Amino acid sequence: MNLHEGAANLLEVRGLTKIFGSLKACDSIDLGIARGEIHALLGENGAGKSTLVKMLFGSLEPHSGEILWNGQPVRITSPGIAKKLGIGMVFQHFSLFEALTAAENIALSLNDGAPISTIAAKARALSYSYGLPLDPDALVGDLSVGERQRIEIIRCLLQTPDLIILDEPTSVLTPQEADKLFETLERLRSEGKSILYISHRLEEVKRMCDRATVLRHGKVVGHCNPREETASSLARMMVGSEVRAVERPPAEGMDKAESLLEIVNLNRKPATPFSIPLRNINLSVRAGEVVGIAGVAGNGQGEFFEAVSGEVLQQDKASVRIRGRQVGGLDITGRRLLGAAFVPEERLGHGAAPRMKLSENLLLSRHATDGKAFVGTAGMIDGKAIYSAAQRIIEVMDVRKSAPDPEAASLSGGNLQKFIVGRELDRKPSVMVVNQPTWGVDAGAAAHIRQALIELARNGSAVLVISQDLDELFEISDSIAVMHNGELSARIPIAEATYEKIGLLMGGAEPGHAATAHDAEPAEVA
Amino acid sequence: MDIWVSILLTIATAATPLLIAAIGELVAERAGVLNLGVEGMMIMGAVGGFGAGYLTGSPWIGVLAAIVIGVLFSLLFAFMTLTLATNQVATGLSLTILGLGLSGMLGTSFVGLPGQRLPNLDIPGLTSLPVVGRLLFGQDPIFYLSIALVIAVTWFLFRSRTGLTMRAIGDSHTSAHALGISVIGYRYLAVMFGGACAGLAGAHLSLVYTPQWVENMSAGRGWIALALVVFASWRPWRVLAGAYIFGAIWIGQLHVQAIDLSSFASSSWFIYQPIALIKSLPSQFLSSLPYLATIVVLVLISRNKRLTMMNTPASLAQPFVPER
C-alpha cells in the first residue's frame, strides 16, 4: 500500500504492536480503511483480531505503532476518545447492563446529559428507521441475544460514528436476523460510513465486504478482495494450511438402534426471573447418531442442558432416561456413572477450573467414573496417572499449549475447548451431550472437534449437540430439532432440513409464537 | 399521650445512626463495593466527633470532624480495595478491627468527660404545638439530615445520570469499563460517601444519642446497618423502614424489660397476664427481638425475586482490575 493511498483512508494503522507477557498478540499490523467501505478482518481465534480492535477503540494501549485518523496521527487512550473521534464499536461479548432498561443502557454511553425519555424516543425512532425495532423501556435481562445486539447497534449509531467496528456480529443471530443486519450495514455503507467487520463466517464476508485483511498469529498475512476469493481460499489464508473437511459417513440401521438418551415430557419452571421455562420437551437419541439442537441463544438451551446433565435435578424422575434408566433424580456424577458425559457451554469456570492444571481438571470430571485409575490407595490422587491421561488427551486432540501441564486459563479458548471435549471423549461415553462444542473456536480446531463427535456416534454412542452455529449442525447432525422459547420442535432429518426451514423455526414460526410479528410492524410506533 | 411522644422520639434517635450508616453503605454497594468497615468508620467518627466537639466547645465542629474522619478512613479502604485490588471482605473486616482498636486508644483521655450535645431544633410556635410539635419540629439536626439523605439518595440513584452510572458499574464493571466509564473513580466517590455517612452516624452517637465517649459505643450498629442494606434489597426507602422497625422494637423491649410487674398487680387479668408472660421470657430473647423482627419483616417484603434480582448489584465485592 503506498503513501498516497494511505492519505485517503479514514483510518490508517501502521506497525501496531501489542505484547502480553511473552506473547505478541499483534505484531506490527498495517491496516487501512477507506471511507464508505465494509472492510473484513479475518482470522482464527487468537489471531489478534480482538486485540487489534480493542486498541482502535481505546480499551487497550499499543506498545508501539501509530494510528492515523483522517490522515492525522492520534493517540486513542480511552473509549471516550475513540467515540469523540467518531469510532463506534459493537462488542462480541455484549457490554450491556442486564438490570437496566435499553434506554438507560444507551444513555450510559452518550455523554450529552439528555433526559432518558428523550434518548428513548430518539433510540426508538432510529431503530425503526433502520428496521431494527427496539423497545427502549424493556429490561435488558428480559431480551433475547438478537434484541440485545440491536441495542448495541442502535447505541453505536446514536453516536453518529464514521467508523463502526462489529466484532463477530452474526454469531448469535438467526439467518433471518443476520439478513436484516446485512441490510442495515449496506445502508450504512451507502450513507458513507465505514465498517470494520470481524467474522469467521466466510460466506457472509464474501457476500458483503469490499476488502479483507487476514491475520494469523498476530501478523497480517494478506489483503484481498473477498469477492474474488472462494470460501476455501479465504480459509486457507486464515489457517495457513488446508482445512480438513468434516466427513459424515451415513448412519446405518438407525431404525433398529437402541435409544440411549430419552427426554420425556420434560418441564422446568424458570429458575431466575430472567430464565426460560422448559415446556414439554420430548426427544430421543439413538446409538450411532448425532442429533443437533438449533436455536438462538437464550431460548432455553442452557436450562435444557442443566436438566439433562443433572446439574439441576428433575421432580419427574422419568423425564430423563439414560440407557433406559430413569435418571431425573440422579446428580451429574450418577449420570456419568451410567456412561454419560457432558460438556457445558462455558469453558472457564464451568467446564474447567481456570487456575487449576489440565491434569487436575481432568480429575474433576472423571474422579467418579475413573476412580480406580486415578485415585490410588487411601484416597490419594495418583498424580502420574492423571498426568499421563492428560497428555494422552492433549496428543489426541492436538491441544497447543506453552507448558507440559499448564493452567486451564492459560490456554486459548479453542485449545481449552479441544481439551474439555477430549477429556470426555477419552472415556468413550455411550451418551455424550455437548453445549456449543465449537463456540469461539478456530476453523481447524472446530473441524477436529466435529469429526471426533461424529466418530464417537458412529462407534455406537448417542451424541446430542446444542449449538447456535447452523453451519456446524448441518455439518455433523443426522437430524436437527429447534429450540424456541423453551419448546423443542420435532426432529427434522438432515436430508429434509434447509437453512430457511430451520431459521424460521428458530424465529418461532410455529403456531402460537409471535416473535416474528413485532419485526413486521415498524409502523406501529411512528 | 406524652409517654408515647417520648417513645417515638427515642425510636427516631435509635434509628437515625443506623439509617445514616446504611444509606451510605447502600450507595457504596450500589457501585459494587462491599465495605465491611462500617463499624470501624462509625466508631472513628464517634471518637473524632466527640474529641473535636470537646476540644473546640462546638458540637458542629465535632460533626464536621466526624465526617472528615469517616471519609479519610474510607479512603484507606478505597486505596486498598480499588487501587491495590485487595479482597474487599478481608480489607473491610480489618478496617473495623482497626477502627475499634484505634478509637479505644485515642479515646482513653475522653472517658468520663462531659460532652457537647447538638441542640434540638426549636422553632417558636411550631415546636410547642401539641403532640406533633416535638416530633416534627423539635428533634436533633442529624435526624432531619437523615430523612433528607434518603430522599436525596433515592433521587440521585434513580433519577440522575451519575446515579445511573453508579448502578451500571455495580451491575457490571467490565461493561462499564468497555464503555469508557472510570469504574475506579466512581467507586472511590461511592466509598467516600459511605465513609462520610458512617462518620456522621458516629457523630450522632457521641454528640446526640449519648453525648459522651464510651469505648465500643457503636455496639455493633455498623453491622446492623450492613444487614439492613442487604435485607432492604438495596432500596433506600426500605432501609428507612428497616432502621425504624429495628429502632421501635429495640426501644420497645427496653421499656418492657424496665416495667415493674408489681405496679400492674391491681390491673385486670387481661393486662396483667400478657405483661407477666413477656416478663417471664429470658431477657436475652427480648434483646434479640429487634434483630429477629427486622430480618423477618425485610425478608417478607423482599420476596419478589425479580425485583430483588434487578436491585442486587451483580458485581458486588468483586475486585476490578482493568486490562490495559
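What share of the contacts in chain B with a separation of 6 or more is accounted for by residues 24 or more positions apart? The share is 80%, where two residues are in contact if their C-beta atoms, placed from the backbone, lie within 7 Å.

The model on display is predicted: local features need pLDDT of at least 70, side-chain atom pairs count only at pLDDT 80 or more, and totals for chains, interfaces and linings use all residues. Residues are numbered from 1 along each chain as its sequence is written, while chains are lettered from A and ligands numbered from 1 in the order in which they are written.

**First stop: chain B**

Select chain B and display its secondary structure. It contains 14 helices and zero strands; helices (H or I, at least four residues) and strands (E, at least two) are DSSP runs, numbered from the N terminus. The C-alpha trace of chain B spans about 80 × 50 × 40 Å along its principal axes.

**Second stop: the two domains of chain A**

Next, colour residues 3-239 of chain A as domain 1 and residues 259-514 as domain 2; these bounds come from an automatic or database domain assignment. The centres of the two domains, taken over C-alpha atoms, are 31 Å apart. Each domain of chain A brings 18 residues to the contact. On the side of domain 1, the elements that give two or more residues are α6 (145-158), α7 (175-190) and α9 of chain A. Of these, α9(A) gives the most, with three residues.

Now select residues 231-239 of chain A, which form helix α9. Which residues of this helix are buried? They are A:L234, A:A235, A:M237 and A:M238. These four lie on the same side of α9(A), because they cover an arc of only 160° around the axis, the arc being that of the directions from the helix axis to the C-beta atoms. Finally, select A:G240, which follows α9(A) and has a positive phi, near 90°.

Definitions and conventions:
Buried ≥ 20, exposed ≤ 12 C-beta atoms within 10 Å, placed from the backbone.
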